[in-house]
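Please look over the sequence and the structure shown here before reading the report that goes with them.

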Amino acid sequence: MTIGDITPKKERKSRRSKHVVDDTAPLLPKRQDEDAGYDEFNGASFTGAVFNLSTTIVGAGIMALPATMKVLGLILGIAMIIFMAFLTDASIEFLLRFSRAGKTTSYGSLMGDAFGKYGRIFLQICVLVNNIGVLIVYMIIIAYDGLLVLEGDVLSGTSSSGVHHAGVLEGWFGEHWWNGRTFVLIVTTLGIFSPLACFKRIDSLRFTSALSVALAVVFLVITVGIAIIKLISGTIMMPRLLPDVTDLTSFWRLFTVVPVLVTAYICHYNVHSIDNELEDSTQIKPVVRTALALCSTVYIMTSFFGFLLFGDSTLDDVLANFDTDLGIPYGSLLNDAVRVSYAAHLMLVFPIVFYPLRLNMDGLLFPSARPLALSNMRFAFTTAGLITLIFLGANFIPSIWDAFQFTGATAAVCLGFIFPAAVTLRDRHSIATKDKILAIFMIVLAVFSNVVAVYSDAYAMFKKNSVTEPTA
């Protein structure tokens with residue numbers, strides 16, 4: 001079957017009259033799913049694509065943004081969130097434009113077109129490192145050690161420094177075997193993660209993605225409501241608008257938030273999959289910009305009201321602030337609502353991050369095989385193997401987060417900025433003009449972000465070890 005046989009007549013006619021670099025040319029034929037034995041698929045809707053891309057963007061990073069306001073102040077902090085949204089839009093535009101030029105249908109094949117086999121392999125390894133690390137951390141947040149969130153687990157609770165911190169389920173029902181950390185994780189893996197990971201089309205996740213975005217908005221609405229109540233009662237003050245720079249140390253501290261902001265919009269590994277399934281491929285740019293606008297709005301409001309609510313007491317992960325007394329009626333109930341909605345949000349983010357992980361793992365292991373969707377056995381074994389790996393990582397290697405603090409940050413900025421910029425500088429199809437100046441800026445910013453992240457994480461680990469090391 002040829003591309004002409006499976007492309008709608010209107011689309012065939014328009015494509016014959018367009019240059020190969022035309023941004024409106026689709027990356028994949030729309031009826032490819034018929035060959036895979038699916039029911040007829042007429043393409044993904046604009047709304048579904050926006051929700052899928054938005055869910056890819058808004059993961060655990062949303063909880064770290066209020067702390068950036070504490071460092072930068074509201075004006076500079078909000079300005080940086082908006083700036084990174086525009087920079088992300090430019091980097092995705094690079095990917096799409098050069099994919100059209102090279103007639104490539106995935107991020108990996110784009111890197112292969114620009115840098116050969118090793119470029120593709122490097123991209124796939126970065127997706128594996130980034131996404132496996134992210135998904136392990138999601139599991140840890142939901143039901144294990146809570147290394148990113150609290151001293152206790154979000155759902156099951158844990159013990160730290162000899163003190164037991166109850167999770168939500170344990171706080172509601174008391175301590176039982178069925179609300180322990182391991183059992184909670186088994187249930188969520190078998191009952192939620194595994195079924196959602198079995199979809200062969202990313203568009204099939206549009207409803208769970210919409211619910212995930214809605215749950216993020218629930219957290220935002222609760223935060224806004226609490227902040228307004230406390231502001232009216234006069235128990236909180238207007239937060240700092242500008243950074244507080246008093247010495248060289250406080251000046252350098254401004255740069256520690258750069259990695260959080262640079263990685264806030266990473267979604268590039270899902271852009272091609274979403275574009276490939278769109279009913280109208282010309283909508284991909286509006287999809288990207290709508291998703292970025294939606295996420296920027298959520299980011300700005302979360303940052304503003306989170307910092308307004310907690311001020312200089314805002315923790316590196318603002319969810320930890322909701323483990324304290326809010327000083328308002330029904331404060332405990334609101335704390336639980338925030339924590340449960342956030343855990344549910346991450347459960348629904350899991351499959352959208354897992355989808356490109358499976359594709360890139362298969363592409364790395366079987367580069368010459370037929371598409372993964374056409375092989376049920378390969379699809380099943382790859383899915384089961386990756387979920388098992390992530391489950392074991394979250395259960396038995398909780399300290400793995402220390403490693404992913406380094407490799408995760410590096411892989412994320414490579415996917416979001418270094419690779420798109422490198423493809424632009426390579427310019428195999430001679431279509432870049434002034435883009436190369438922006439590409440150089442992206443690489444400099446990404447490298448600087450990595451250096452700061454690695455230094456900050458190494459310093460924090462060294463300081464923690466020096467504090468916990470027993471004295472003679």
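## Overall make-up

This is a predicted model, and the protein in it holds 19 helices and 2 strands. Of its 472 residues, 54% count as buried. Among the contacts in the protein with a separation of 6 or more, 79% are accounted for by residues 24 or more positions apart.

Helix H5, made up of residues 65-72, is mostly covered, with 8 of its 8 residues buried. The buried residues in H5 are Leu65, Pro66, Ala67, Thr68, Met69, Lys70, Val71 and Leu72, so that Lys70, a residue counted as charged, is among those with under 20% relative accessible area.

The buried residues of H5 pack against H6, helix H12 (248-253), helix H13 (258-262) and helix H15 (284-310). After H5 comes Gly73, with a positive phi near 85°.

## The crossing of H6 and H7

Two packed helices are described by the angle between their axes and the distance between the axes. For helix H6 (residues 74-102) and helix H7 (residues 107-115), the axes come within 10 Å and cross at roughly 65°. Angles of 65 to 115 degrees count as roughly perpendicular, and H6 and H7 are therefore roughly perpendicular to each other. The crossing of H6 and H7 is left-handed.

On the H6 side, the residues that meet H7 are Leu95, Phe98, Ser99 and Gly102, and their partners in H7 are Tyr107, Leu110 and Asp113. Sorted by class, this contact of H6 with H7 has 4 nonpolar, 2 polar and 1 charged residues.

Helix H6 also contains Ala101, which is buried, with a relative accessible area of 7%. The C-alpha atoms of Ala101 and Ile431 are separated by 8.2 Å, although the two residues are 330 residues apart along the chain.

A pair of aromatic rings is described by the distance of the centres and the angle of the planes. The structure holds 6 aromatic pairs. One of them is formed by Phe350 and Phe354, whose rings are stacked, at 6.0 Å centre to centre and with 15° between the planes. Both of these phenylalanines belong to helix H16 (residues 331-365), and because they are 4 residues apart in it, about one helical turn separates Phe350 from Phe354.

With the cut-off for a buried residue set at under 20% relative accessible area, Phe350 counts as buried because its relative accessibility is 0%, and Phe354, likewise at 0% relative accessibility, also counts as buried. Ring pairs link Phe350 and Phe354 with Phe193 into a cluster.

## Thr188 in H10

Helix H10 (residues 181-196) contains Thr188, a residue that is buried, with a relative accessible area of 6%. When its neighbours within four places in sequence are left aside, Thr188 is in contact with Phe193 and Met347.

Definitions and conventions:
Residues are numbered from 1 along each chain as its sequence is written. This is a predicted model: local features need pLDDT of at least 70, side-chain atom pairs count only at pLDDT 80 or more; totals for chains, interfaces and linings use all residues. Side-chain values use heavy atoms; hydrogens and water are left out. Axes are lines fitted to C-alpha atoms, for helices over the stretch in contact, and angles run from 0 to 180 degrees between N-to-C directions. Angles under 35 degrees count as roughly parallel, over 145 as roughly antiparallel, 65 to 115 as roughly perpendicular and the rest as oblique. A crossing is left-handed if the near helix is turned anticlockwise from the far one by less than a right angle, and right-handed if clockwise. Contact means heavy atoms within 4.5 Å. Rings of Phe, Tyr and Trp (its six-membered ring) pair if their centres lie within 6.5 Å; planes under 30 degrees apart count as stacked, over 60 as edge-to-face and the rest as tilted. Buried means under 20% relative accessible area, exposed over 50%, partly exposed in between (1.4 Å probe, protein chains only).
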